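User: Hi! Could you walk me through this structure?
Analyst: Happy to, here it is.

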Amino acid sequence: MAKEKGLTPQSQDFSEWYLEVIQKAELADYGPVRGTIVVRPYGYALWENIQGVLDRMLKETGHQNAYFPLFIPMSFLKKEAEHVEGFSPELAVVTHAGGEELEEPLAVRPTSETVIGYMWSKWIKSYRDLPQLLNQWGNVVRWELRTRPFLRTSEFLWQEGHTAHATREEAEEEVRRMLSIYAKLAREYAAIPVVEGMKTEKEKFAGAVYTTTIEALMRDGKALQSGTSHYLGENFARAFDIKFQDKDLQVKYVHTTSWGLSWRFIGAIIMTHGDDQGLILPPRLAPIQVVVVPIYREESREKVLEVALDLKRRLLQAGLRVHLDDRDQYTPGYKFHEWELKGVPYRVELGPKDLEAGEAVLASRLGGKERLALEALPTVLPEKLDAFHQALYQRALDFREAHTHKVDTYEAFKEAVQEGFALAFHCGDKACEKAIQEETTATTRCVPFEAEPEEGFCVRCGRPSAYGKRVVFAKAY
């Protein structure tokens, strides 16, 4: 097959495979400014489906959407010292506008804690004004040195949630609630098994008291942080003077949280499920769940298309996302390859002989074909899509388990992080953590919530474990 349609095998160069599949499946292309991408309609449809599911879950838990400015005064970012230090290397700053130098430089939004904190200081006066449960869908800019489509781009789309609460307990409950929503999105919609846990002090969000995360394992053995939820304590409340009078008439600082999920989640879907033929999209998020490919010669064209159109209509009525590929300029073989590349879960092949038998051929993107009665397809396909989701999830879970190893020596650790997750004890010392990263390029991904309590000694330095359980380490994107 010509290279223009084929893909570099994952085993040969996973990074090259990833870049090729994004372009050839028409998810995205490179923008004219370094580090930017253009999301094409097929890729944006996938993002819209992710957005739609997540937006519904956020609203069901009482959150409301709002929008805050893209430009943030530099003085705002400097109010929270750890926050500005964490983001300074990635900031894009506007110094001139309207042909004049600005009195104060403006940062192009890297995240919105500061501007939202400023507004809350005006809006929140009493316990009656709490909780504040806000979410923003938008874009942010972080000037990355090494970029990769969907994973690290200078501008990216995401949602960022921001909440303010009267007590630490309420805020911490919110942090875990939002992380569980991200985990549900990953498992029940993207068919991605994730580990939920706490980031170490070294890896937490700049300005947070602590950060929680969902971590997924890609098919090249690297981890991908796929969503984070942060407890910010009173840090931003003190920086922006966000106070309220409580029921006991005491003036107190609010406790805030923030949490976000970006189009990096698309990267997670690509790298968790894709194979050498291209994408494999989870059916609950796929822009097209079923593609109907009619097969005909000139004399049978009209009849086959008539039945194909009727089938499409009935599948749409069954609530499925369906596409009829009736392009005459391409062969059936070309179309089969294209829809495999684009990861459509099921393909229905329909030719003159199938019509005579009242059947169609159903091909699964996970492999295998079967003949089914045309009349049965609207009833059978929803069940098959659910089974496809379960099979895809189990496939990813089996891969993760096969590439997760408990290790107690540094030599075993170094081997384990070459192919997946290493579960090891760690002393909690930032310097030791940094040394592990320098020596192996692996980082702590999280201290998993579900891990069994276990005592041991740091895999690198031999000091007692700081966490009372094993920590997930991996090389990561």
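User: Which elements each supply at least two residues of the lining of the second largest pocket?
Analyst: They are β9 (195-198), α12 (377-402), β20 (404-406) and β21 (421-424). Helices (H or I, at least four residues) and strands (E, at least two) are DSSP runs, numbered from the N terminus. This is a predicted model, where local features need pLDDT of at least 70, side-chain atom pairs count only at pLDDT 80 or more, and totals for chains, interfaces and linings use all residues. Residues are numbered from 1 along each chain as its sequence is written, and side-chain values use heavy atoms, with hydrogens and water left out.

User: What volume does the second largest pocket have?
Analyst: About 350 Å³. Of the 17 residues lining that pocket, Val-195, Leu-423, Pro-448, Glu-450 and Ala-451 are the closest to its centre. A pocket is an open set of points on a 1 Å grid over the protein atoms alone, where a 1.4 Å probe fits, with protein on both sides within 12 Å along at least five of seven lines; lining residues have an atom within 4 Å of a point. Grid points are joined across faces, edges and corners, and the volume is the space filled by probe spheres set on the points.

User: How do the residues of that lining divide into nonpolar, polar and charged?
Analyst: There are 7 nonpolar, 1 polar and 9 charged residues. Here Ala, Val, Leu, Ile, Met, Phe, Trp, Tyr, Cys and Pro count as nonpolar, Asp, Glu, Lys and Arg as charged, and the others, Gly among them, as polar.

User: And which domains does the pocket lie between?
Analyst: Domain 1 (14-273) and domain 3 (407-474) both give residues to the lining, so the pocket lies between them. Those bounds come from an automatic or database domain assignment.

User: New topic: where is Trp-47, and is Trp-47 buried or exposed?
Analyst: Trp-47 is in helix α2 (residues 41-60), and at 2% relative accessibility it counts as buried. Buried means under 20% relative accessible area, exposed over 50%, and partly exposed in between (1.4 Å probe, protein chains only).

User: What is Trp-47 in contact with?
Analyst: Leaving aside neighbours within four places in sequence, Trp-47 is in contact with Trp-137, Leu-157, Trp-158, Leu-261, Ser-262, Trp-263 and Ile-266. Contact means heavy atoms within 4.5 Å.

User: Ile-266 sits in which helix, and how many residues of that helix are buried?
Analyst: Ile-266 is one of the buried residues of α8. In that helix (residues 264-273), 10 of the 10 residues are buried, so α8 is largely enclosed by the rest of the structure.

User: What about α10, which elements do its buried residues pack against?
Analyst: They pack against α1 (14-24), β15 (290-294), β16 (322-324) and β17 (346-350). The buried residues of α10 (residues 332-341) include Phe-336, Trp-339 and Leu-341. Just after α10, Gly-343 takes a positive phi of about 75°.

User: Which residues other than glycine have a positive phi?
Analyst: Ala-191 is one of them, with phi of about 60°, and Asp-241 has phi near 60°. Ala-191 is in the loop between α6 (168-189) and β9, and counts as buried at 0% relative accessibility. Asp-241 is in the loop between α7 (235-240) and β12 (243-245), and is partly exposed, with a relative accessible area of 43%.

User: Where is the cis peptide bond?
Analyst: The bond from Leu-130 to Pro-131 is cis, with omega near -5°. Pro-131 is in the loop between α5 (113-123) and β7 (132-141).
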